[in-house]
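Welcome! Have the sequence and the 3D view ready as you read.

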Amino acid sequence: MTQSHSQNLDRVLVLEMVRVTEAAAIAASTLVGRGDEKAADAAAVEAMRAALNELYMDGTVVIGEGERDEAPMLYIGEKVGSAPGKGPKIDIALDPLEGTTITAKAGPNALAVLAIAEEGCLLNAPDVYMDKIAVGPGYPAGVIDLEKSPTENVRAVAAAKGVQPHEIIACVLDRPRHEKLIAELRSIGCGVMLIGDGDVAGVIATSNPDTTIDIYMGSGGAPEGVLACAALRCVGGQFQGRLLFRNDDERARARRWGIEDLDKVYTLDELASGDCIFAATGVTDGSLLAGVKRKGRMMTTESVVMRASSGTVRWVKGEHRI
């Protein structure tokens, strides 16, 4: 880690990141359970953009809500910050509302999520799927391998943990595409925790013993993979990901962002390197954070902010006057 990296991120203060995710979470919270995914997402986006534009930085969105033709979302390549060309150059990965469906249905684990790093330290992942596998800290290097079968990976994690495969719990997105994966895991006695949405929270859950989740497996959004890696860089853990392409248009999109090897298996450090700051605020109650609550003329929020260079994890409770 160079001194300049740390100095640049110091100028965009850690707590400023929390203010950005708080703003998005509060905006989205007014639409919890209202059945309108697009309205909830749009509210979070506008609040996050406004908060980012107050910060002294020359920021570029490298992981966003799709590409420019999908504006007004925070698109890949969008410039944010109050000091273009003058402030520190910062790359930003964001998901103003991770779990739009969850929010619309008032389900658990919806988050407003943000990660920042020095320019060039976050992979410009196209908005495609990614096959993912992740574990938390404390395991020997190379304990997980995307090239191996789910059975082999569960057995490796169990052996490293000193338990049997039937004592391992895997977190998997509840999707038809994961039927074979789920069947294979259950055939060796592995417990499967199915989640409806929100795989950033699912990956991060592997780093928190209280969740009882040992390993994350399956495919989800590539942008969410980079966000999760930024968090794991701060708290420790291992991650591997491979981009999945459904058609030639998606392959062309990846090449447009400079990705040549379409079959490459990415490691944690290749997706998020250098000094990273990760922040998340709960929108609805979840395993990681409590959601936004309205109490009279106050709103309360719960956030977490982590930093890779120091390994610091801060839990932040906020009270906001309406």
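An unreviewed UniProt entry lists E98, G99, T100, Y129, R175, P176, R177, D197, G198, D199 and G221 under "binding site". The structure you are viewing is a predicted model, and you can look up each of these positions in it. Which residues of this set belong to the lining of the largest pocket? The lining takes in E98, G99, T100, Y129, R175, R177, D197, G198, D199 and G221.

Now see which elements hold some of them. E98 is part of strand β3, which covers residues 89-98. T100 sits in helix α4, made of residues 100-105, and D199 belongs to helix α7, residues 199-205.

The unreviewed UniProt entry gives "binding site" for D41 and E65. Here the spread is 25 residues of sequence, and the pair still clusters in space, with a largest C-alpha distance of 9.8 Å. Both D41 and E65 are in the lining of the largest pocket. D41 lies in helix α3, and that helix leads us to the next topic.

## How α2 and α3 pack

Two packed helices are described by the angle between their axes and the distance between the axes. For helix α2 (residues 14-29) and helix α3 (residues 37-52), the angle is about 155° and the axes are 8 Å apart. Why is this pair called roughly antiparallel? Angles over 145 degrees count as roughly antiparallel, so α2 is roughly antiparallel to α3.

The crossing of these two helices is right-handed. On the α2 side, the contact is made by V20, T21, A23, A24, A27 and A28, and on the α3 side by A40, A43, A44, A47, M48, A51 and L52. What classes of residue meet here? The contact of α2 with α3 has 12 nonpolar residues, 1 polar residue and no charged residues.

## How α5 and α6 pack

Now turn to helix α5 (residues 150-161) and helix α6 (residues 179-187), whose axes come within 9 Å and cross at roughly 45°. The two helices are therefore oblique to each other. α5 passes α6 in a right-handed crossing.

Which residues make this contact? P150, T151 and V154 come from α5, while L181, E184 and L185 come from α6. By class, the residues in the contact of α5 with α6 divide into 4 nonpolar, 1 polar and 1 charged.

How values were computed: Residues are numbered from 1 along each chain as its sequence is written. This is a predicted model: local features need pLDDT of at least 70, side-chain atom pairs count only at pLDDT 80 or more; totals for chains, interfaces and linings use all residues. Side-chain values use heavy atoms; hydrogens and water are left out. Axes are lines fitted to C-alpha atoms, for helices over the stretch in contact, and angles run from 0 to 180 degrees between N-to-C directions. Helices (H or I, at least four residues) and strands (E, at least two) are DSSP runs, numbered from the N terminus. Angles under 35 degrees count as roughly parallel, over 145 as roughly antiparallel, 65 to 115 as roughly perpendicular and the rest as oblique. A crossing is left-handed if the near helix is turned anticlockwise from the far one by less than a right angle, and right-handed if clockwise. Contact means heavy atoms within 4.5 Å. Ala, Val, Leu, Ile, Met, Phe, Trp, Tyr, Cys and Pro count as nonpolar, Asp, Glu, Lys and Arg as charged, and the others, Gly among them, as polar. UniProt positions are given in the numbering used here, feature names are shortened, and annotations may be inferred rather than shown by experiment. On a 1 Å grid over the protein atoms alone, a cavity is a set of points where a 1.4 Å probe fits but cannot get out, and a pocket is an open set with protein on both sides within 12 Å along at least five of seven lines; lining residues have an atom within 4 Å of a point.
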